[in-house]
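Please read it alongside the sequence and the coordinates.

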Amino acid sequence: MFHNIGFIGCGNMGSALARAVCASGESVEVRLANRTQAKAEKLAAELGCKAAPTKLIAADCDLIFLAVKPQVMPSLLGEIAPLLRLRHDRFVLVTMAAGLTMESIRSMAGGDYPVIRIMPNTPAAIGEGVVQMCSEGVAESECEDFRRLLRRAGLVDELPEGLIDAASAVSGCGPAFACLFIEALADGGVACGLPRDKAVRYAAQMLAGTARLCLESGDHPGAMKDRVCSPGGTTIQGVRALEKSAFRSAVFEAVTAAYEKSLELKKG
């Protein structure tokens, strides 16, 4: 069981996952570090945990979240690698950096340390996220403990590392695509006379409700679409307009473009 959890980086994802861990109900001590320490102190006060220097987290914590951007990872691991080498106790590194494999994290950290790689998304901040995970050198019992720690973030799902980039292109980048759709729906509503605040609320709730219906019913989204499209009705005409504008193709291309960018990042 992990007892001392450290977060190095308190940006959007780091803070979202720290909230999930603090809300997990597990008996753990959480420490937060950030380049701007005042930010870590503010979040720590909000969550009821502790702010700590990066070096203390590297030297002490048995689960270390490396919540920094890919371009920052080499300098961070270069800074803490000497401290990791001095340790004789067991610890696990957690990376969420796009395009960086577990092998590259181990190489930068200077040892064959146990590593968990995750790809979370922003809805994890409210417990409705998706967190894909894979691991190297991590015991199954540790993976179970890890999933339990993050259960308040949303769906935590394991898959091979070779599929992490594809999964991230769907669920990691997807919130941005979904927000574009919500904004466009709301703009359409405003054009038809709806007040802006109501148009946004209706669009967002519709998307949230439809997604929940899809998950809970297990129905194919195409079948769900068909049930809304009455013969000669209004909805099928809207679908026709979307098809004319290659809506599905545009979404298809967005996902594959994000995936291809992840592959580029691996090349450095």
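1. In this predicted model, Arg-31 stands opposite Lys-50 in S3. The strands concerned are S2, residues 29–33, and S3, which run parallel and are joined by 2 bridges.

2. That pairing belongs to an open sheet of 8 strands, whose order is S3-S2-S1-S4-S5-S6-S7-S8 and whose pairing is mixed. Strand S3 (50–51) and strand S8 (154–158) are the edge strands, each of them pairing on one side only.

3. Further along the sheet, S5 and S6 run parallel and are joined by 3 bridges, and Leu-93 stands opposite Val-115 in S6. Strand S6, which spans residues 115–120, is mostly covered, with 6 of its 6 residues buried. In a regular strand the side chains alternate between the two faces of the sheet. For S6, one side carries Val-115, Arg-117 and Met-119 and the other Ile-116, Ile-118 and Pro-120, and since all of these are buried, both faces of the strand are covered. I would draw the reader's attention to Arg-117, which is among the buried residues of this strand.

4. Helix H4, residues 73–86, lies across strand S1 (4–8), strand S4 (63–66) and strand S5 (92–95), and it runs at about 160° to S4.

5. Which side of helix H2 is buried? In this helix, which covers residues 37–47, Ala-40, Leu-43 and Ala-44 are buried, and they lie on the same side of H2 because they cover an arc of only 105° around the axis. The buried residues of H2 pack against H1, S2 and S3, whereas the face turned away from that buried side carries the exposed residues Ala-38, Lys-42 and Ala-45. H2 is followed by Gly-48, which has a positive phi, near 75°.

6. Thr-54 lies in helix H3, residues 54–60. With a relative accessible area of 17%, Thr-54 counts as buried because the value is under 20%. Leaving aside neighbours within four places in sequence, Thr-54 is in contact with Ile-8, Ala-33, Leu-76, Glu-79 and Ile-80.

7. In soluble globular proteins, nonpolar side chains tend to be buried together. The largest nonpolar core here has 34 residues, of which Leu-32, Phe-65, Ile-118 and Phe-146 touch the most other members. Helix H1 (residues 12–22) gives the largest share of this core, with 6 residues. Apart from this core lies another, of 28 residues, among them Ala-58, Met-102, Ile-105 and Val-115.

8. Phe-146 deserves a separate entry. Once its neighbours within four places in sequence are left aside, Phe-146 is in contact with Phe-2, Leu-63, Phe-65, Val-94, Ile-116, Ile-118 and Met-133.

9. How many disulfides does a search of the whole structure find? The search finds 0 disulfides. As for accessibility, Cys-173 counts as partly exposed at 26% relative accessibility, and Cys-214 is partly exposed with a relative accessible area of 27%.

Notes: Residues are numbered from 1 along each chain as its sequence is written. This is a predicted model: local features need pLDDT of at least 70, side-chain atom pairs count only at pLDDT 80 or more; totals for chains, interfaces and linings use all residues. Side-chain values use heavy atoms; hydrogens and water are left out. A disulfide is a pair of cysteine sulfur atoms within 2.5 Å. Buried means under 20% relative accessible area, exposed over 50%, partly exposed in between (1.4 Å probe, protein chains only). Two strands pair if DSSP finds at least two bridges between them. Helices (H or I, at least four residues) and strands (E, at least two) are DSSP runs, numbered from the N terminus. Contact means heavy atoms within 4.5 Å. Axes are lines fitted to C-alpha atoms, for helices over the stretch in contact, and angles run from 0 to 180 degrees between N-to-C directions. A nonpolar core is a set of buried Ala, Val, Leu, Ile, Met, Phe, Trp, Tyr and Cys residues joined through side-chain atoms within 4.5 Å. The arc is that of the directions from the helix axis to the C-beta atoms.
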